[in-house]
Amino acid sequence: TKLNRPAQGENKEVDPNIEKKRAFDLYLRKGIEELIPEKKALVTYDDTLGGYLAPGEYVREIIKGIVEFSPIRSVASIRQTSQRFVELPKKTGSIAAVWVAETGTRSETTGMKYGLENVPVHEMSAVVDISFADLEDSAFNMEEEIVNECSEQFGVAEGTAFVSGNAIGKPQGILTNEDIDYTASGDADEITADGLMDIFYDLKSAYANNAVWLLNRQTLKAIRKLKA
């Protein structure tokens, strides 16, 4: 067996893409700079050799992530106060009506009692130090930016405390208050349709009329995926 060789004087077939292949191979090994046939003294890819003179476009917007917090404020009762605590009168005992005959003896009905519910007022704080130069020279309204950031984080802390606060320097949450009844779902790990029915109908009618469901999106997804 022997290899076919082109006859003397016969033109070899040239790959028209050979130069492109060589250029691509050079780019992979040494970078785009090696493809430039004539190198310049000033270029943009090196900041000190001219890159600083070709600045990028500065966008006056701040990229922010989504901050998640409980929307419980939208369903809670809001009261303004400047005192250390709020006191609410509370009825702790009721009378009982009795049937009597037309000429029967009517005795005094007792049992009405009252107490006082004390709701402590807690305080939140966020301290951000900023120089006057940054306030005056920044491309953004830093005073407004700080106010918005603090307000947002106050909402995060407030929502967490109202749901699961331990009453130590903060409100006691609805999930940690022992005076608030709970209904077991019937399963330690899963949400069940029977558990949802139980929690709704275990409420007294007066409460159920104004009741709202508080749950996150993952819980809502699990409920919607329940099947008979």
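Begin by selecting Arg73, a residue that is partly exposed, with a relative accessible area of 44%. The model on the screen is a predicted one.

Is Glu158 buried or exposed? Glu158 has a relative accessibility of 17%, and therefore counts as buried, because the limit for that class is under 20%.

**Second stop: another bridge to helix α3.** Select Glu145 and Lys64 next. Their side chains also form a salt bridge, 3.0 Å from N to O. Glu145 lies in helix α3, whereas Lys64 lies in the loop between α1 (18-30) and β1 (85-93), so the pair ties together parts that are 81 residues apart in sequence.

How many salt bridges does the structure hold? There are three, and the tour now turns to the pair of Glu117 and Lys90, whose closest N and O atoms are 3.7 Å apart. Glu117 sits in strand β2 (residues 113-120) and Lys90 in strand β1, so that distant parts of the chain, 27 residues apart, are linked. Both residues are partly exposed: Glu117 has a relative accessible area of 36%, and Lys90 one of 43%.

Which element gives the largest share of the patch? Helix α4 does, with four residues. Trp213, by contrast, is found in the loop between α5 (205-208) and α6 (217-224).

Phe200 counts as partly exposed, at 32% relative accessibility, while Tyr201 is exposed, with a relative accessible area of 59%.

Select Gln172, which lies in the loop between α3 (142-164) and α4 (193-201). Gln172 is partly exposed, with a relative accessible area of 40%. What does Gln172 touch, leaving aside residues up to four places away in sequence? The residues in question are Ala161, Phe162, Gly165, Ala167 and Asn177. Display the C-alpha atoms of Gln172 and Phe162: they are 6.4 Å apart in space, although the two residues are 10 apart in sequence. Then show the side chains of Gln172 and Asn177, which are joined by a polar contact of 3.5 Å.

**Last stop: Ala167.** From Gln172, move to Ala167, one of the residues that Gln172 touches. Ala167 is also found in the loop between α3 and α4, and is partly exposed, with a relative accessible area of 39%. Inspect the backbone here: the phi of Ala167 is near 70°, a positive value in a residue other than glycine. Most residues other than glycine have a negative phi.

Definitions and conventions: Residues are numbered from 1 along each chain as its sequence is written. This is a predicted model: local features need pLDDT of at least 70, side-chain atom pairs count only at pLDDT 80 or more; totals for chains, interfaces and linings use all residues. Side-chain values use heavy atoms; hydrogens and water are left out. Helices (H or I, at least four residues) and strands (E, at least two) are DSSP runs, numbered from the N terminus. Buried means under 20% relative accessible area, exposed over 50%, partly exposed in between (1.4 Å probe, protein chains only). Contact means heavy atoms within 4.5 Å. A polar contact is a pair of N or O atoms within 3.5 Å; within protein, one must be able to donate a hydrogen and the other to accept it, and residues adjacent in sequence count only if both atoms are side-chain atoms. A salt bridge is a side-chain nitrogen of Lys or Arg within 4 Å of a carboxyl oxygen of Asp or Glu.
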